[in-house]
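Biologist: Could you take me through this model, one part at a time?

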Amino acid sequence: MFVSFFKKKKRKMPLSGLYIGNNWIRYISLGWEGGYLAVQKVCKKTIPRENLLFKTFDDWVTRIKEIKNEMGIPHNSLLNCALPIRETYFETLKFPIMQRNELEKSIRWECQRRLKKKWEDLCFDSYCYKEQEDSSESLLLVALTSRKTVSKFLKILKRCKLGASCLEPPQLALLRGLQGPYQDDYLPLSVFCPKGNNVIKIYISPEGVISSELIDFDEEGLLGDENPYYSFPENPHWFWVSHALKDKKAILKTFSTNMRELPPLQNMWSLDDKGQSIVGYEIALGLALRDFLCTSN
Amino acid sequence: MHIKLDLLQSHSRSGKTSLYTTFKRWGFLSFFLLFIVTGTFAAYNFHRDVTEFDKAILLKRKRIRNLSTLHNKLEQEQLELREKCISILSLMRRDPFHYSYILDYLLCSIPDSVTLDSITFTDSKLLLIGEGKVDEILNWRNDMSAEFRYIKIEIPYFSKKEKMHSFKMKFLLMAKEEKS
């Protein structure tokens, strides 16, 4: 009794995701119903029209409060959150094998060089892939975002009486949602996301190594005569994040027609969507599924 | 997916260790401002103390000057008083109507035949009443006239009485004009 009295209350890990997209704020909440994972609540709101993210503080607070009230999210709930793809740098970097201190310095230098920002102004997280014995280089998955943006976002959440249990790179959340519950069912996988007039291609190799590349793209296809992305015989699965059919056709035209499009997410995850469409909620779903394995156990 | 990244950890972790960054950004400025404020305060206090000290020194000097002036004045007064006393004393010594001197002289030079019945003093005259021989009385008077040249000696009453003559001798102080 005393043990349970003094035992620290373990917070229940959330199965909900909040994604601040380019045009929409999307929220999804999952739950268990009859032994199956089910979509409980889905909501989206347009973002305030502004050039800079979180520029108009009160408008953002209003939007998120609306979602909170409509979805009945209790006070001080923790949500898995993600900022827009364009605000997050996500890449696998290669470094020669070196000592830990040197590697840290190299990462800092490389990140500062690529983002042209001071290290103190960046939020950083990384994942080191397992090195093979004969490998002469180490692979490091790096995620970066502006500290100022994160601070603003946290202030907005605090004003709305909400909390962030994590701030995950949206690319990673997207891949988690698309890979399915058994992870290697659909590998290798290519995901195409629009970014302005260009397209970001996120690719997971059969070994699970992620790479991200920016591709010059228009409706006619890839720009330039010689392009290494033109054929992907090893890329049987693909997914187009934007749901514009025109662009989808252009991608198919440009890339290998042998590629197989991923099945709908609700089928992949055997989700009971209760008639609610979760198209466009890929990243929010990935965020909600972040602790899926933990909770299912 | 087994990979999990969280940018929030870096944010909160560096939030804890951002004291160095904060100090780096604002430390110098705050220390500089602190230095300026304390320096100004110290300079103001120092200036105030020095001004007060100067004022105190000036006041002391003024008091010392006053005291020295007073001392000189008193010394001067003392000197003046002393000179006045000396002059008075010398004047008294030189005064022809100085009774003690006159009496001394009278007692020393009184003739054998003369007996004095009374000596009367007033401010400006001395009256002797007695009897004696005529010639001794007159000689005595002549001697005293020679001695006290500024005193007029008169014998208003002189009468024979058997062998001796009774007399009255008046000593009068002459006026200054008469003295000169």
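**Strands, sheets and the contact between chains**

Modeller: All five of the five residues of strand E1 (residues 16-20) of chain A are buried, so this strand is largely enclosed by the rest of the structure. Buried means that 20 or more other C-beta atoms lie within 10 Å of the residue's own; with 12 or fewer the residue is exposed, in between it is partly exposed, and C-beta atoms are placed from the backbone. Strands (E, at least two residues) and helices (H or I, at least four) are DSSP runs, numbered from the N terminus. The model is predicted: local features need pLDDT of at least 70 and side-chain atom pairs count only at pLDDT 80 or more, while totals for chains, interfaces and linings use all residues. Residues are numbered from 1 along each chain as its sequence is written, and chains are lettered from A and ligands numbered from 1 in the order in which they are written.

Biologist: Which residues touch the most other members of the largest nonpolar core?

Modeller: They are Ile28(A), Ala82(A), Leu175(A), Val191(A) and Ala284(A), in a core of 70 residues. Such a core is a set of buried Ala, Val, Leu, Ile, Met, Phe, Trp, Tyr and Cys residues joined through C-beta atoms within 7 Å. Beyond its neighbours within four places in sequence, Ala284(A) is in contact with Gly17(A), Leu18(A), Tyr19(A), Arg26(A), Tyr27(A) and Ile28(A); contact means C-beta atoms, placed from the backbone, within 7 Å. Another core, of five residues, lies apart from it, and includes Val114(B), Ile137(B), Trp140(B) and Met169(B).

Biologist: How about chain A as a whole?

Modeller: Chain A has nine helices and 14 strands, and 33% of its 297 residues are buried. Of its contacts between residues at least 6 apart in sequence, 65% join residues at least 24 apart.

Biologist: Changing topic, what is the strand order in the open sheet of three strands in chain A?

Modeller: The order is E5-E7-E6, with antiparallel pairing. Strand E5 (88-96) and E6 are the edge strands, each pairing on one side only. Seven bridges connect E6(A) and E7(A), and Tyr127(A) faces Leu141(A) in E7(A) across that pairing. H4(A) packs on the sheet, touching E6 and E7 of chain A, and its direction makes about 55 degrees with that of E7(A). For such angles, axes are lines fitted to C-alpha atoms, for helices over the stretch in contact, and the angles run from 0 to 180 degrees between N-to-C directions.

Biologist: How many residues does each chain put into the contact?

Modeller: Chain A gives 21 residues and chain B gives 11 residues. On the chain A side, strand E6 (122-128), strand E7 (137-146), helix H4 (147-159), strand E8 (162-167) and helix H5 (170-179) each supply at least two residues.

Biologist: What about the sheet in chain B?

Modeller: Chain B has an open sheet of four strands in the order E1-E2-E4-E3, with antiparallel pairing. Strands E1 (115-121) and E3 (151-161) of chain B stand at the edges with a single partner strand each, so one side of each lacks a neighbour in the sheet. Nine bridges join E3(B) to strand E4 (residues 164-173) of chain B, with Lys160(B) partnered by His165(B) and Lys161(B) opposite Met164(B). E3(B) and E4(B) form a hairpin with two residues between them, and Glu162(B) in the turn has a positive phi of about 50 degrees.

Biologist: What is the mean pLDDT of chain B?

Modeller: It is 82, with 84% of the residues at 70 or more; pLDDT is the predictor's confidence in each residue, from 0 to 100. Residues 176-180 of chain B fall below 50, and this stretch has two contacts in the model beyond near neighbours in sequence. The model scores ipTM 0.83 and pTM 0.61.

How values were computed:
Two strands pair if DSSP finds at least two bridges between them.
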